[in-house]
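Welcome! Take a look at the model below, then work through the exercises with the solutions beside you.

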Amino acid sequence: MSFRIIESLNVVDYLIIILLTFLLYLFRFYYNYFTRPNPLPGPLPLPFRLESHFFDGNIRRFAAELCQKYGDICEFRLGGHRRILVSKQEYIEDLLSPSRTVFIKHENSQALDMLGIVGRGMFFNNDYDIWKINKYFLLQSISTHGFNEEAIKRTIELFEKLNGYWNSLKKTLSCNDEWFEMDLLPWIKSLMTDNISIIITGERGCSMAKYYDTFNSNKSKIETVFDDPIVYDSDKFSRTTSAHIKGTFSLYDVYPFLLRYVPFFKNKANAILKDRDYILKTLGNMIEKRRFDFANSPQKLKSKHDLLTLLITANNDAKKSKMIESLTNEDISALLYDASIAGAVTASNTLCYAIYYICCNPHVKQKMFDEIDSVFPNNSSDKLCLTSENLAKLRYCESIIKEALRLTHVVPVLKRVSSAERKVAGYTWPSETVFHLNHAGMHIDEKYFVNPTAFDPDRFYLQNDLSELNDDLGNFDKENNKPINKKCSLIIFGRGMRLCPEES
Ligand code: HEM
């Protein structure tokens, strides 16, 4: 019967059916939009997730434009989801409160599943119970004295290495003594890649060496420095992780059937899966090797304080003391992945921004040098005696970093998904509402900061009594010579349950 009906249809009938289906879809789409609960101002959404084509990925600018046009709370549609953008301090503070109903950070997405670590580690983990165990072990490891001293020692070593590369380049490229122009970003990126590599995995990386080699068009002309055969390819690893994460987010809102059946998307998805396999294999091999060393010669690992060794040790101690919770190799792998991604990109971008602002503000530079000279009075321009105690005294330097992050935060918009009905901004929102928290917008709002676009580390440095304020709540009213304590007005490491573990 149904076969006969199909047979009796001609081309025009098919076109009419397609047109009617299309119109029905449009009608349903806009009916749902105009009858949605809690309507907020925002751009008119487009059907078929077409709005993705107008979004260039710059979430900071996008959020700033929406906030300017539609106010402190508005909505937009992206990737098939209605999204609520909040830019007001009290709403942001509310959504970052330590509550289980706003624990989830990522809405469901097939592309995200391809990361291969969803539900493990911390960053991409929406499962509270598993996340809690992972957080416990990560904090146990990175809060140790050994880890912190190791991190400082390795950082100094790498800066000395960087200095060596620059001196060598200056010499071989016959540069003028005073000026040596170069692109700082790739240098800082490779420095941080090697830094994170040694701190997280205990493996010495070769990113800086590889970048240095790119200047070597004439092999005989440039001298080779710091030749070290015992390195792992941190450069390839970091490029792959960055391609992996970028690729995943580029497919974030693509319909699952397109990922499966349309060659363009399918090829992209396959490339992501290939990267994922490489990353997991590299980390898996490292974990196996370290576990082997731990089982056979634990003494050898006593002097190692990298994250991987500490996680394996803490895990082993937990098993010995018969704690129910312990980590699998996959969990450890996800934690190393989290730390590599979250650590290298944030740290290198923050450092570049800080250097940029220091260079643009000579008086800040001078004050910074004065502080360094006062904390290290016997600095003979050779080696600074950096310890965690001395670092804590560099309060002006810390204020520079805070101010750089205030103006150009490396994670400008945070995300939360409600897991139950929840009141925000006076509205009751159903479960699975996606909230975007525009804290970068708040950081440059004159409601919260005096003269917000100026680079002025003093706003954090000159606080009269730091003990009265949380460390990151700084705001200084110069006219009245007193701090303005706007709660939550500076958010550097997030807040609440999903606070960055680095904050500790
Ligand atoms: C300048 C340096 C850094 C900045 C500005 C920064 C900032 C942040 C922010 C804002 C969040 C919260 C994200 C959210 O609430 O959705 C976060 C989370 C996180 N950060 Fe950092 N971070 C930095 C360095 C690091 C480093 C070095 C590590 C390596 C251990 C790290 C590991 C993580 C992890 C694992 C999370 C996820 C926490 C969770 O979801 O529970 N971060 N970071």
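**Exercise 1. Find how helix H8 passes helix H14, and which residues make the contact.**

Step 1. Start with the handedness: H8 crosses H14 in a right-handed way. A crossing is called right-handed if the near helix is turned clockwise from the far one by less than a right angle, and left-handed if anticlockwise. Helices here are DSSP runs of H or I with at least four residues, strands are runs of E with at least two, and both are numbered from the N terminus.

Step 2. H8 (residues 184-201) packs against H14 at an angle of about 145 degrees, and the two axes are 9 Å apart. Axes are lines fitted to C-alpha atoms, for helices over the stretch in contact, and angles run from 0 to 180 degrees between N-to-C directions.

Step 3. List the partners. From H8 they include Leu184, Leu185, Ile188 and Leu191; from H14 they include Leu336, Ala339, Gly343 and Ala347. Contact means heavy atoms within 4.5 Å.

Before going on, please note that this is a predicted model, in which local features need pLDDT of at least 70, side-chain atom pairs count only at pLDDT 80 or more, and totals for chains, interfaces and linings use all residues. Residues are numbered from 1 along each chain as its sequence is written, and side-chain values use heavy atoms, with hydrogens and water left out.

**Exercise 2. Is Thr193 buried or exposed, and what does Thr193 touch?**

Step 1. Locate Thr193: this residue sits in helix H8.

Step 2. Check the accessibility. Thr193 is buried because its relative accessible area is 12%. Buried means under 20%, exposed over 50%, and partly exposed in between, with a 1.4 Å probe and protein chains only.

Step 3. Leave out neighbours within four places in sequence, and Thr193 is in contact with Ser207, Ser234 and Ser238.

**Exercise 3. Describe helices H6 and H13 in turn.**

Step 1. H6 (residues 128-142) has 15 residues and spans 21 Å from first C-alpha to last, close to the 21 Å expected at 1.5 Å a residue. The expected span is 1.5 Å times one less than the number of residues.

Step 2. Among the buried residues of H6 are Tyr128, Trp131, Phe137 and Leu138. Their cover includes helix H7 (145-172), helix H13 (307-320) and helix H14 (329-360).

Step 3. At the start of H6, a side-chain oxygen of Asp127 comes to within 3.1 Å of the backbone nitrogen of Asp129.

Step 4. Turn to H13, with 14 residues and a reach of 20 Å, close to the expected 20 Å. Its buried residues include Leu307, Leu308, Ile312 and Ala318, and what covers the buried residues of H13 includes H6, H7, H8, H12 and H14.

Step 5. At the start of H13, a side-chain oxygen of Asp306 lies within 3.2 Å of the backbone nitrogen of Leu308.

**Exercise 4. Where is Arg291, and which residues is Arg291 in contact with?**

Step 1. Arg291 belongs to helix H12 (residues 263-296). A relative accessible area of 23% is why Arg291 counts as partly exposed.

Step 2. Beyond its neighbours within four places in sequence, Arg291 is in contact with Ile312, Asn315, Leu327, Thr328, Asn329 and Ile332.

Step 3. Arg291 and Thr309 are 18 residues apart in sequence, and their C-alpha atoms are 8.5 Å apart in space.

**Exercise 5. Which loops hold Glu432 and Asn451?**

Step 1. Glu432 is in the loop between strand E5 (427-429) and strand E6 (434-437), while Asn451 is in the loop between helix H18 (439-443) and helix H19 (458-461).

Step 2. Look at phi. Most residues other than glycine have a negative phi. For Glu432 phi is positive, near 70 degrees; for Asn451 it is positive too, about 45 degrees.

Step 3. Glu432 is exposed, with a relative accessible area of 60%, and Asn451 is exposed at 52%.

**Exercise 6. Which residue donates to the iron atom of the ligand?**

Step 1. The only protein donor is Cys500, through SG at 2.3 Å. Donors are N, O and S atoms within 2.8 Å of the metal (3.2 Å for Na, K and Ca); water is not among the atoms, so sites may look incomplete.

Step 2. Cys500 lies in the segment after strand E8 (482-483).

Conventions: Polar contact = N/O pair within 3.5 Å; in protein donor to acceptor, adjacent residues only side chain to side chain.
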